[in-house]
Each structure stands twice: as C-alpha cells, then as structure tokens.
Amino acid sequence: MVTATALETELLELAGSVPDPELPVLTLHELGVVRAVHLTGTGAVEVDLTPTYTGCPAVETMRADIEQVLRTHGMREVTVRTVLSPAWSTDDITPEGRRKLQQSGIAPPRTQHSAGPVTLTLGPTRTGHAGEAETGTAPEAIRCPHCDSADTELLSRFSSTACKALRRCLACREPFDHFKEL
C-alpha cells in the first residue's frame, strides 16, 4: 500500500469538505464517497469518487464542486474518477455524518452487521411494535429524529431523493426522511 503524501492528505481533506448537493448538511467525507486523492504530476491530481448508487444524479455536481475547490487551492488539472468497486455502503457514513443527519431531522441508516448485499424485506411498514422485540423477528427500529420514538411507519419507500424513504412517527405524528440502508 502506498502512503499518501502530505499534499495528497491535504487535498483529500479539501475534496472531502465539499457539501453533498442532495444533503448539504453532510460533507462528501462524512457521506464517505471521496475515497482517495493521487498526485499525477505537478499541479495535477486525480480524485476517486464512489457514488451512493450507480446512476446517482448528484455525481456531476459533486465532480464540479471538487474540481472547483481543488483548483482554488492551486491544482491546475483535476480529474475526478468514478470508482464503483468497492461499492459505497451506508456503513461508509461517518459517525459525525450520522449525528448531523439526526440533528437535521433525517433518521440515519441503521448499521449493517455483515459484509455483502443488504437483504430487502418487504413486510410490515411499522417499526417498534410490541411483541416483535420478544420474538426477535423485528429489524432494528427506525427511530424518530424529533422525539426518538421507535414507533414509526413507512409512508413511501421514496422521498425527496432515491436514497431516502418517507416515514412518520406515531408518537409525535411528525413526518421525517430516513436515509435507507444500502
């Protein structure tokens, strides 16, 4: 493994500081999509960017914003490569990113405990029901970011972006976005 130079580390921090165009409360670092920065020559840099999913419409904006911030800091040539392997996962969101999602009213994704594909279960649209915890059949509850209740229901599998679902808390009755697990 090649160790990053001090300049590459600085440029990685700069690229990672760019706000996500769909979730501007998060930086690209906190979202976990900026993977690496490599100097390719004097004043030339290549950035590895892994989108949250193939076909993500925000990639072009991310690319332009990364190019702008790195050019502002002296890089003449900036190449942003889309890297699909390893695939991005919601486990790549940093703890700070999860905290910021929660504080902005978006339920963060639940942490996956195994490598590999995420199992898709089409079942009940409510979480936190009595009896589920005792039988061990319930997935980890999606908690309301407003009142922290686990008693929530799914309103729509898609919200303002394909990465989020729309839910409602049955305790405080407030709707909220949930960043889906991938």
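This is a predicted model: local features need pLDDT of at least 70, side-chain atom pairs count only at pLDDT 80 or more; totals for chains, interfaces and linings use all residues.

1. Cys-144 itself is buried, with a relative accessible area of 0%.

2. The sulfur of Cys-172, in turn, has its closest cysteine sulfur in Cys-169, at 3.7 Å, and that distance is again too far for a bond. Cys-172 is partly exposed, its relative accessible area being 28%. For the structure as a whole, the count of disulfides is zero.

3. Turning to the strands, strand 1, which covers residues 34–41, and strand 2, which covers residues 44–49, run antiparallel and are joined by six bridges. As one example of this pairing, Ala-36 has Asp-48 as its bridge partner in strand 2.

4. Strand 1 and strand 2 form a hairpin with two residues between the strands, and in this hairpin Gly-43 adopts a positive phi near 75°.

5. A last point concerns Thr-94, which sits in the loop between strand 3 (77–82) and helix 4 (95–103). Is Thr-94 buried or exposed? Its relative accessibility is 15%, so Thr-94 counts as buried, the cut-off for that class being under 20%. When neighbours within four places in sequence are left aside, Thr-94 is in contact with His-29 and Glu-30.

Key
Residues are numbered from 1 along each chain as its sequence is written. Side-chain values use heavy atoms; hydrogens and water are left out. A disulfide is a pair of cysteine sulfur atoms within 2.5 Å. Buried means under 20% relative accessible area, exposed over 50%, partly exposed in between (1.4 Å probe, protein chains only). Two strands pair if DSSP finds at least two bridges between them. Helices (H or I, at least four residues) and strands (E, at least two) are DSSP runs, numbered from the N terminus. Contact means heavy atoms within 4.5 Å.
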